[in-house]
Amino acid sequence: PPPPPPPPPPAVVRGVGQLLLSTQDGPAPLDRATLGAAATVAAIAACGGAGGEAAPRVEGVRPLLFGVLTHPALCDAGAAVVPPAALARMKAGDGVWRACALHGLALAAEAPSFLLPPDTCLCLVANLTSLLPTPPAPPPPPGLLHKHVTLVTALLELVAASHPRGSYPRGAASRPGGSGGGGGGGGGGDVGFGRSGGVARGASVYHPLLGWSSSSPRASLSRVEASVRKQLQALWTPPHLRVYFGPALHAPLSQRPAAAAVEALNADQLPALREAAAAAAGVHLAALRVLEPLRMHALASLSYSSLLIPNLWALLRRLAARPPVPWGPSAETRLIDACLRPWSPEEGQPYIRHSGSPQNGQPYLRHACSAEATILHLIAEGCVYLLPVLDDREVFSLCHPFSPPDLDALASTLNRLAHTLLWTDPAIQAQLPHLSAPTCRLLSQLYERDSRQPFRPVPPPGTSAWLLPVETGVLEWELFGHAKPQEPAHAGRARAVLERIPWVVPFEARVGLFRSLVAREKDALPDEARPEHLKGHRVKIRREHLLEDGYVQLGALSAEKLKGTIRIEFVSELGLAEAGIDRTGVFKEFLEEAIKAAIDEERGLFRRTAQRRLYPSPSSGMAEAAHLRLFEFTGRLVGKALYEGIVLDVALADFFAAKLLGKHASIDELPSLDPELHASLQVVKAYPGDVENDLCLTFVMEEDSFGARTNVELRDGGGAIPVTADNRIEYVHLVADYRLNKQVEAQSKAFVAGVHSVVPLAWLRLFGTKELQRLINGDDAPIDVADLRRHTRYAGGYNELTPTVRDLWRVLTELDHADQALFLKFVTACSRPPLLGFRHLQPPFMVQCVSGDGGDTPSVLAFFGMGRNETHRLPTASTCFNLLKLPNYKSRKVLRERLLYAIRAGQGFELS
């Protein structure tokens, strides 16, 4: 047979590439035949000739890569952009892919000089992904695969450099029809003390692949956008993940134990697996950062289609555990050191990121971080999505895919790593700019889960497994500017720790910081400097219209005035002002009664869970026309109570309380709201049969409002999208997101805005969800009678040595915990003690002597223990003043009987 023709001259190939580039967005795009001819010419040139026996030269590959392969959906068989014969020629023997991969490093370095637009880079990544050989084809050689991954990562980083993530207009959703699923990222936020976030950067167009952008997608991409999306989504399909990470890491979900394949590897196999895993993690991290609209689908595939995330964690632990040196640092310390260590040439090809530009002479490729840091970054991104889906049975009973010791080791490692990045050595963050944010997000999830259902070892009383060395005095001095940090890099570290990993500081210290922040702000309020009888905003409230009058009188107050002193004067049903001077006691009564009226279920603003915890009613708009304004006002009252340190008997549902911390409720909080729906979603998640045909579900949520049923689409076109085995985790997240977030989004935003108008978000984020509940409701702990006695005041002739007073304390000490809680509720309207002890109870607890007929007992008689008599009068209380009115009983037995009768009857609340 005649010899194959030689490859076309480089000038011809360059011309072909330029032709495709210049006509992609023109009025007359090339027809299929011309495109097929161009693709065939470029493929022959790249493969070294029609026979493919010559080694491909970079001169022939360059125009193929930066010209021909930039055409949208060129290598997608479903799009039929080129004739089947031309596409077959490009995929024959993986020649085109091998040619591009062979020169991957050189082409990655040259990519910035071509100044390719973001859309062009995405199309190039999509075509390269389609050309990657996947099973049942033989796996590509590790060396070529690594170069391919480097090239794709470089192209995605080019897109990231020209299109920063998070650019969206004010008031716009993060992505139309999408969801904030994946849950929980709180705690690791960047909201500063006194700063505001969420500033838009001028983007106003929604790009279907990039999210909010400053420019529309190119015409050539818009024509085949669905095909390009499908090509890009192949990055995280099981065949591609198996090629990228290898079968040991991409193990099936049925494997028991989860890390069996990794544990079975020889020690000599670990370095090569480490390098491959780091490179694969790098390309997927770049894709997650760039392809914002596809992020949720990508995380679902990465996290739940296989045991990839648990096996990556097992790989890191094995790498840190060898070689065992009894006298050396622990495996956890070695892993942290490896994550913080800069890349070195001995480690092989690193995960790369672009830096600078070729125009200014700076090196365009730089080594971002070590392999361990890159792998840990992907673990953090995946776990944020995976952990909320795991229920307690999977973690504590099945221990699959994570066991409690696995989560404990992960939490301990990440906690120490974040502590180093934010407190010990903040200068390292410059080398790891993308690691601290996902680390803190995952830590916040782990901390909340451990608070709800502990998986970490129980520490000694008074300590916490999450605490790390942070000098509280230094922290407070740096926070308030009393002292400058010793190192310039330490500037701002106090705020960073309190914003992102506050749990490393003892809870008592954080409460003290919160109260210091409140006290400093109060001192700066202009009206608070006036004399006592002149300061304060005075309002009149009718008792039968507490909430309505409070809204009219206080709803329009500025935040500054609301934070100051409020003087309340009650008006009776006859229109007469009630006697009494407000010295915080009357305002406390108004606060308690107004909030009680707002949360009354008959009003229709709030509902209660099975545990009697509050959350907004989805149908509140049908109960109150101005329901959002009332939600905001109620939030302002709760914020004022937090600001003043007033303990309320208001138990919020955990998912609702988390919104006060700026957190997005996730599926692991669904049982507290709707246990039946959560059980149903667990069935969908673990269903072993044909999900699509057996369950017959679509991305639609049915809503029932007073008998009227409506369908709500969980995503655009959800009614036509069936739930399958591949997308069921996304469905589970979206259902939980709708029930926990979207269904009560307007009500929650109004309530949260009201709280934050008094107490800034950054101050509240000093605490976790459970800790915030303690801040609102007081300590859920036995009442310390001795502490209450130390901080009690007396009036009406009583003192510490009065016989009746001594009898009172002896009786209280002898009561069981339930009766002690009833007593506290009787005198303060809350059954829980104030946070960190009774010295923080406002107003302070007081015992006042009253006579048997209701009049005042002469002070001299009470002081000397005289005037004691057998009276049938019961003790009474003024909860607004935390005041107990106690008759001068003759004996301790009578005092006990009368006191128990009063507190168990739930009566005795009266005006002073």
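1. A residue counts as buried when its relative accessible area is under 20%. By that cut-off, 53% of the 912 residues of the chain are buried in this predicted model. The accessible surface of the chain is about 38,200 Å², and carbon and sulfur atoms account for 56% of that surface.

2. The chain contains 40 helices and 14 strands. If contacts are taken between residues at least 6 apart in sequence, 76% of them join residues at least 24 apart.

3. Of its 10 residues, 9 are buried, so α14 is largely enclosed by the rest of the structure. The buried residues in α14 are R295, M296, A298, L299, A300, S301, L302, S303 and Y304.

4. Over the chain, pLDDT averages 83, and 85% of the residues score at least 70.

5. Two stretches call for caution. Residues 349-367 have pLDDT under 50 throughout, and the model gives this stretch 51 contacts beyond four places in sequence. Over residues 188-192, pLDDT also stays under 50; here the model has 17 contacts beyond four places in sequence.

Notes: Residues numbered from 1 in each chain as written. Predicted model: local features only at pLDDT ≥ 70, side-chain atom pairs only at ≥ 80, totals over all residues. Heavy atoms only, no water. Helix = DSSP H or I, 4+ residues; strand = E, 2+ residues; numbered from the N terminus. Buried < 20%, exposed > 50% of the residue type's maximum accessible area, 1.4 Å probe, protein only. Contact = heavy atoms within 4.5 Å. Areas by Shrake-Rupley, 256 points an atom, 1.4 Å probe, with all protein chains shown as cover. pLDDT = per-residue confidence, 0-100.
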